[in-house]
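Colleague: Please take a close look at one part for me, the contact between the chains. Then tell me how its surroundings are built.

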Amino acid sequence: MYKYNDFDEAFVRQRNAQFRKQVERRIDGSLTEDEFKPLRLMNGLYLQLHAYMLRVAIPYGTLSADQMRQLAMIADRWDKGYGHFTTRQNIQYNWPKLTDVPDMLDALGDVQMHAIQTSGNTIRNVTADHFAGAAADEIEDPRPTAELIRQWSTDHPEFQALPRKFKIGVTGSPNDRAVTKSHDIGLRIVRGSGGQTGYEVLVGGGLGRTPMVGQVIKPFVKKEDLLPYLEAIVSVYNLMGRRDNKYKARIKITVFENGMEKFRDAVDERFKVTKQEFGGVSADVLREIETFFAAPAFRNAPEDAYLAARNSDPVFRSWTDTNLTEHRAPGYAIVTVSLKAHGATPGDATSAQMRLLADLAETYGHGELRISHEQNVILPHVHKSDLPALHAALKIEGLATANIGLVSDIIACPGMDYCALATARSIPVAQELATHFNSIGLEEEIGALKIKISGCINACGHHHVGHIGILGLDRAGVESYQITLGGDHTENMVIGERAGPGFAYDEIVPAIERLLRAYLEVREDATETFLEAYRRLGAEPFKAALYPAEAARDAA
Amino acid sequence: MARAFTPKVVTANALIEGDVVYLTADDRWSRDHAEAELIEDEAHAQLRLLKAESQKNIIVGAYLADAKPGATGPEPIHFREAFRTRGPSNYAHGKQEAGHV
């Protein structure tokens, strides 16, 4: 893992000291809220519906055991004993007091973490594939690249007041788990014709009010050219992007309105200058960062205990069927720990759960943890012979739910239970869907399915790219839920199609049940997933299930 | 004819805790919606909002929210304001907690 150098350490400490003074000046009245707000947002502090919220960056989703323990300590000492992991690999504390936040930031600084640029019109926390450095299908670990971008973008003087926020995601695998096509810039590590690795650069993706799939601006950028090329993109956007209307200010609109060709030409022109300016710095720093991400010393051990447990324990077997992913090292597995126990709040972890995960990462997982954009925790390097003990230990804190990739593994934003921007609740919808499908026993039969719920048009819950997306809206003072179908968050990204009129709060779970029962009826066999059936048959049979009255009228 | 004025309460968040607060008729900030001053006159509402906004060291983000008279005091109209009177639905936190100030 990356370790702060003296410069990083001094920078974070200095920012925290500045913010402590700013808080003091806000409280003694020498700063107004209008003056203070941009300062607190620069440091990740929001004011939500019921309280402040501190959003802490987890760069590229990677945590050490010590960092996870510190997150637990902070939750206990200054919050309500839990944290909420988000779809951008951050953790949010929902109940800090303004007066405690400087201490919380210092405690984060003690473990080389911060909340800088988790808000505002800046380059936000850089996200990456949560299986980075472990996945069998990976070309190269994307985290050194993400760390390079973090260093370049943090406090970048030219990019502190962009037209709008700016999100970058990186994948090192052709199977895109980092949703790169929904980012302002998506980077995919690819192999060039000579076998060397570089980046396919995508630009202009985004969800929200105007969902767009990112488009390739450059099929191959050499590693040494990455930072000057990114600098060129962001500086062109900084000048060309609209500032007259915040809903038209993201780079996706800039690219859309100007056309990719014009935008690309402007970037190429700017790149001639930035390439000169950067010289070889980008490559030099990247090489140094790469040394921090060396793979752990994997061990060779027999897998007999694992195979025996699978044969003797059906609960363990079922968990290994859903929660494991193929590792690149022989005998190892990637373990996804579900934060979606049926009825739990997606992405929430108690301090006890965090501490247990930290301990288990140390005992069985080379001390590493990851947070996924799907709001689960990953132990990336576990030898299969340790899985029975790990599984047993996870049960202690209710962390052994075997539902990864199933109907109850739902992404949900905080929605109107916390968020000041929300137009409806998302969490209770997720809770009720998970509980309901568990109680009627259909979860396993339905199989692979991505339900994603957002509580407003800004789409933090990625509803556009859910196989089933649910968007909570305020329709004339009543919560209303719109369903989209057929979305796909992978390298083949598809924006889901709106199924029809929205459903009331108490109608949404029955509507999803009708939809999924229809899927079970029409699928060719159990191997055809919901998404595959939708693609084969189109929306009609599913719309008919959602809107039976309309379907009956049409048939009459 | 001018549209009837929907009664309002002045609401904000407390500066230190962020907790939802309401301006009372006797110029206190209460954590309880039922204690809020129900303002039935538009001009008076603007004056009360100005009064609230001047208290920058106590509260943040004052605004007028629609309300209606109820059995024990003003009640919210919109569901967002109803959620603000109690806290989140997934945990008994915020105003639902015992001993909440």
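Modeller: Two residues are in contact if their C-beta atoms, placed from the backbone, lie within 7 Å. By that rule, 23 residues of chain A are in contact with 22 residues of chain B. This is a predicted model: local features need pLDDT of at least 70, side-chain atom pairs count only at pLDDT 80 or more, and totals for chains, interfaces and linings use all residues. Residues are numbered from 1 along each chain as its sequence is written, while chains are lettered from A and ligands numbered from 1 in the order in which they are written.

Take the chain B side. Strand 4 (59–69) and helix 2 (79–86) of chain B each supply at least two residues. Helix 2 of chain B gives the most, with four residues. Helices (H or I, at least four residues) and strands (E, at least two) are DSSP runs, numbered from the N terminus. By class, the side of chain B that touches chain A has seven nonpolar, ten polar and five charged residues. Ala, Val, Leu, Ile, Met, Phe, Trp, Tyr, Cys and Pro count as nonpolar, Asp, Glu, Lys and Arg as charged, and the others, Gly among them, as polar.

Now the sheet of chain B. This open sheet has five strands in the order 3-2-1-4-5, with antiparallel pairing. Strand 3 (29–30) and strand 5 (74–76) of chain B stand at the edges, each with a single partner strand, so one side of each has no neighbour in the sheet. Two strands pair if DSSP finds at least two bridges between them. Strand 1 (residues 8–14) and strand 2 (residues 20–23) of chain B pair over three bridges, in the antiparallel sense. B:Y22 in strand 2 of chain B is the bridge partner of B:T11.

Next, chain A. Its domain assignment (automatic or from a database) gives domain 1 (6–110), domain 2 (134–292), domain 3 (304–395) and domain 4 (416–555). The C-alpha centres of domain 2 and domain 3 of chain A lie 32 Å apart. Their contact takes five residues from domain 2 of chain A and eight residues from domain 3 of chain A. On the domain 2 side, four are nonpolar, none is polar and one is charged.

Last, a helix pair. Helix 3 (residues 65–78) and helix 4 (residues 101–110) of chain A have their axes 10 Å apart. Their contact residues include A:M73 and A:W78 of helix 3, and A:M104 and A:A107 of helix 4 of chain A. The residues of this contact divide into five nonpolar, one polar and two charged.

Notes: Axes are lines fitted to C-alpha atoms, for helices over the stretch in contact, and angles run from 0 to 180 degrees between N-to-C directions.
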